[in-house]
Amino acid sequence: MSETGVSELAIQIERYEQELTRTSASTHTLTAYSADLRQFLEFLSPAGTAPPAPSAIDVLTLREWMAALYGQGLDVMTIRRKVAAVRSFFRFLVQEGTVAVNVARLVRTPKAPKRLPDVPSAEVVNALIDGVAAGRLERAHPARDRAIFELLYGCGMRVSELVGMNLEDLDRSEGWVRLRGKGKKERQVPLPRKAAEALERYLSERPVIRDERAVILNHRGKRLTPQGMAYLIRMYALSLNSDPTLHPHSFRHAYATHLLSAGADLRAIQELLGHARLSTTQKYTQVSLTDLMAVYDKAHPKA
């Protein structure tokens, strides 16, 4: 324990959080990793006892921690994220010279289940966007809402990319938009006609606010948050489609799958989505094959 009564482990976790902030980690990563490491600290401090120093944490301790996570009934993806948070924390400790070895790398990460994304059909997506465009709901900012849907589906953006998009990222004359994806990697994607039209209409109504460069604003004239966008998508999906399964990422899945079904090259889709590995994009081929088999089973006389 330090002179202030704060454990060395708690101090190092706080320093790591400061490092994440300094290196411009995403808000989602910072929030999730901070919560995961605070829970890790609590596990190592039962009944208010002092946790071990970082250098005293060994593989056995980490395995006991993972067993406790399984005992809580957490799903595999949540456990994988928590392991990633602890690994990243120990990597920081190694870089700082606090510990000699990243013991978290010696713990096996549970395998992720092979899940195919739920992809809405083109008819479902277009019906929803048409409903938004028709103003079937009385909303304060219908032009903005339509632009959000058109951009998510028309450009295959991540929610973080859309809410993080600034006015200077738009090349409206050439029909391109610059996106900042995971790891701060930038890419350019084409702006399709309907998305461009919806965007122009929204920008003509968007209030000019000094020092606010965000394209998509909330009702207070500030940058719309990912949580705000998720709420907006869910509200429209429930109200217009009675579909609770649709979420912002559904439109990115639909974008990729519908392009692939229409004959687009897989590597071109990889570039458009900003995937670092082709294997990440290949999951959409599995979705397309599943759809084809469903059509075959339904229509072929020998199925």
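**Reading a sheet, a buried residue and a helix crossing**

Q: In which sense do E1 and strand E2 pair, and over how many bridges?
A: This is a predicted model. In it, E1 pairs with strand E2 (residues 176-180) in the antiparallel sense, over two bridges. Leu 170 stands opposite Val 177 in E2.

Q: How many bridges join E2 to E3, and which way do they run?
A: The two run antiparallel, joined by five bridges.

Q: In what order do the three strands lie in the open sheet?
A: Read the order as E1-E2-E3, with antiparallel pairing. Strand E1 (170-171) and strand E3 (186-190) are the edge strands, since each pairs on one side only.

Q: Which residues of E2 are on the covered face, and which on the uncovered one?
A: Val 177 and Leu 179 make up the covered face. Trp 176, Arg 178 and Arg 180 make up the uncovered one. So Val 177, on the covered face, is also the residue across from Leu 170, by the definition of a bridge pair.

Q: Does Glu 17 count as buried or exposed, and why?
A: Buried means under 20% relative accessible area. Glu 17 has 13% relative accessibility, so the residue counts as buried. Glu 17 is found in helix H1 (residues 8-22).

Q: Which residues is Glu 17 in contact with, leaving aside its neighbours within four places in sequence?
A: Glu 17 is in contact with Leu 30, Ser 34 and Arg 38.

Q: What describes two packed helices?
A: Two values do: the angle between the axes and the distance between them. Here, take helix H6 (residues 142-155) and helix H9 (residues 226-241). Their axes come within 11 Å and cross at roughly 95°. Therefore H6 is roughly perpendicular to H9.

Q: Which residues of H6 and H9 meet?
A: From H6 come Arg 144, Asp 145, Ile 148, Phe 149 and Leu 152. From H9 come Met 229, Leu 232, Ile 233 and Tyr 236. By class, the residues of this contact are seven nonpolar, no polar and two charged.

Key: Residues numbered from 1 in each chain as written. Predicted model: local features only at pLDDT ≥ 70, side-chain atom pairs only at ≥ 80, totals over all residues. Heavy atoms only, no water. Helix = DSSP H or I, 4+ residues; strand = E, 2+ residues; numbered from the N terminus. Buried < 20%, exposed > 50% of the residue type's maximum accessible area, 1.4 Å probe, protein only. Contact = heavy atoms within 4.5 Å. Axes fitted to C-alpha atoms, helices over the stretch in contact; angles between N-to-C directions. Parallel < 35°, antiparallel > 145°, perpendicular 65-115°, else oblique. Nonpolar A, V, L, I, M, F, W, Y, C, P; charged D, E, K, R; others polar.
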